Structures are given as C-alpha cells and as structure tokens.
Amino acid sequence: MSRTFDLLKWTLALGSGDQNFLGAKWVPGFLGRLKGDSQKKWALRLLSMSPHYFIDGTSSKLGDETTDEFLNRVFDVIAGTRDEIYEKALSPYLGENDIVIDYGCGPGFVAAAVSPYVKRIFALDISDGALACGKILNGRENVGFVNAREATDVIPAGGIDAIYSYAVVQHMTDEVFREMLDNCRTFLVEGGKLILHVQLPDEVWKTESEWRSDATAKGKLKFKYGLHCFGRTAETFQEMLSEKGFDIIEIKEMESLFGRSDKELSSQRLIAATKR
Ligand SMILES: C[S@@+](CC[C@H](N)C(=O)[O-])C[C@H]1O[C@@H](n2cnc3c(N)ncnc32)[C@H](O)[C@@H]1O
C-alpha cells in the first residue's frame, strides 16, 4: 500500500523524459508562490516525496520530532555529507579561479559545499523542481541553477575549467551518459577536468543490459520510472570516455578517499579525466 502511495506521489511530480523526479511544472510554480520560511519547509517536504534525493523516509524520526523538524535535521546531515565529498573527493581537482559545472546537481547540496572554493558554478539538472528546491535551500551568490536542456544557451562553449558529477552517472543509460560526455566536451576548455563519481557492477548495481533483460512487471516499472541504477566496469568507462575524447588520469576507490570500509562505498569509484 505504501509502495503504491509512493508511486502515485512520484508520478504526480514527474516531469517529461527519464529520471525527471520533481520535474513537473507545478513544482517550481507552487514553490514560487510561497514566501519566507514556508519556501524552505515545502522544498524539504517536496524533496522527501522523491526517491532521488535521500530524504526518503528510510531514516527515522526521533521520539516526538515533527516531520518538519525531522526534515530539517536530515537537511543538515545531507549538507554534512556533501561537505565531506568536497573535502575528500573533489577538492584536489578544483581551484579558486575555476569556473565549474555541477552536472546533475539535484537540490544543490554539493554545489553549496563547493561554492566557497571556486569562482563560479553552473549547477545543471534536468529537473525544474530540483532546481527550484536548490535555489531555495542551497542558493549561493556564485551558483547559477540551470536546466540542463538549456545549458548551451547559458554556458559558453570551451569556457569551463572543470566539471564534476556526483551520484548521477549511475542513473543514466549508456545513451544519456554519452550525451552527457558530448556536452562536457563542448563546455570544457582544452585540458579541462572531468570528475565523475561512478558505480561498478555488483549484486545490487546490475549493468544496463542485465536490467533490460528483466521482463518482470517490476523490472518494466523500474524502467518506466527511471528507478534503475547501472553499474559499469572500469574498462567500460575507459572505452566510453576515450571514445568521447577524454583521457583518464586516475580512478580512485571511494573507500580509500573516505578512509572507511562500507558496503555501499566498496564498489564506488571516482574517475578523474581530462579533455584531450
Ligand atoms: C541522485 S541525484 C544526485 C544529486 C546531487 N548530485 C547530489 O549528489 O546531491 C541525481 C540527479 O541527476 C539528475 N539527472 C539525471 N539525468 C540527468 C541528465 N541527463 N542531465 C542532468 N541531470 C540529470 C537528476 O534529476 C537528479 O537530480
């Protein structure tokens, strides 16, 4: 029953195209009509409706905590995780004069964490609702939130020093990932950096072809709602990046970057590449 309710909520907020959680037009329209504290309250409530944004009800409320108090606490936890991602994973690749893209920024937590350390960030996402939440929750002077479909109108070709993407590539099919690489190549300067957080295949993170061969109703629904996550081998990344004009400099284990062993992190990697 609660799964059916989840599906109903996601469907109401879905935008057009794949993976477009909170992408429905009514989401930014609704948030834009609110004032003051109500905006943050509703941005958090809306994010908690989506399976993408981690405020997903799997963490539990404390004692007599209200839902809004709970969501505010989770907001602080997520912001802390994104500070750690900057410090331990992204910081070696970004400099104070860099103009960068956060590709698949969602509600902007990583962009907010990175913003004090770079000159300017274009925070791109396909979801207008996530972008609207990002402006409210994580707006910063040097961060511009941009719909990825309109990015070429806003971002100068060859004008970007580095592009990072966290927890995004694993949600993309090969076709969409290749489009992303083409866009990155257009935006980056010669020698510009591409830093991708990626997932290797394991028991949970199947490859795209494994997911596609799942003919069950659940498997089909996952494709319809974009709930699948894809693992790819290091060799596959090597081939795909090389084909699109990038040279991989290094592939780091997330466990060693974070200095802890953990089941989720164990098959995650950070790829750093340059535009050839
Ligand atoms: C799991 S969220 C990660 C958000 C953020 N990077 C973070 O770590 O907090 C994945 C995001 O990728 C975005 N996304 C998916 N496909 C995309 C595409 N083709 N172009 C841009 N963003 C995309 C989704 O809308 C979603 O906001």
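User: Leaving aside its neighbours within four places in sequence, which residues is Ser 266 in contact with?
Analyst: Ser 266 is in contact with Glu 255 and Ser 261. Contact here means that the two C-beta atoms, placed from the backbone, lie within 7 Å. One caution before we go on: this is a predicted model, where local features need pLDDT of at least 70, side-chain atom pairs count only at pLDDT 80 or more, and totals for chains, interfaces and linings use all residues. Numbering runs from 1 along each chain as its sequence is written.

User: OK. Is Ser 266 buried or exposed?
Analyst: Ser 266 is exposed, with 12 other C-beta atoms within 10 Å. The cut-offs are 20 or more other C-beta atoms within 10 Å for buried, 12 or fewer for exposed, and partly exposed in between, with C-beta atoms placed from the backbone.

User: Which helix is Ser 266 in?
Analyst: Ser 266 is found in helix H13, residues 263-266. Helices (H or I, at least four residues) and strands (E, at least two) are DSSP runs, numbered from the N terminus. The C-alpha atom of Ser 266 is also 9.3 Å from that of Gln 199, 67 residues apart along the chain.

User: Zooming out, how many helices and strands does the chain have?
Analyst: The chain has 13 helices and seven strands. Its radius of gyration, taken over C-alpha atoms, is 18 Å, close to the 19 Å that the globule rule gives for 276 residues, so the chain is as compact as a globular protein of that length. That rule is 2.2 Å times the number of residues to the power 0.38. The C-alpha atoms fill a box of roughly 50 × 45 × 40 Å along the principal axes.

User: How much of it is buried?
Analyst: Of the 276 residues, 36% count as buried.

User: What about H4, what should it span?
Analyst: Helix H4 covers residues 67-90, which is 24 residues, and at 1.5 Å a residue it should span 34 Å; its end C-alpha atoms are 33 Å apart, which agrees. The expected span is 1.5 Å times one less than the number of residues.

User: What do its buried residues pack against?
Analyst: The buried residues of H4 pack against H5, strand S4 (160-165), strand S5 (188-199), helix H12 (254-258) and strand S7 (268-275). Those buried residues include Arg 82, Ile 85 and Tyr 86.

User: Tell me about Tyr 86 then. What does it touch?
Analyst: Not counting residues up to four places away in sequence, Tyr 86 touches Ser 91, Ala 113 and Val 114. Tyr 86 is buried, with 21 other C-beta atoms within 10 Å.

User: Which residues touch the most other members of the largest nonpolar core?
Analyst: Val 100, Val 114 and Ile 163 do, out of 65 residues in that core. A nonpolar core is a set of buried Ala, Val, Leu, Ile, Met, Phe, Trp, Tyr and Cys residues joined through C-beta atoms within 7 Å. Val 114 touches residues including Leu 90, Leu 94 and Ile 121.

User: Switching topic: which residues come nearest the ligand?
Analyst: Gly 104, Gly 106, Ser 127, Ala 148 and Ala 167 come nearest, of the 20 residues around the ligand. A residue counts as near if its C-beta atom, placed from the backbone, lies within 6 Å.

User: Which elements supply at least two residues of that shell?
Analyst: Helix H5 (109-114), strand S2 (120-125) and helix H8 (174-187) each do.
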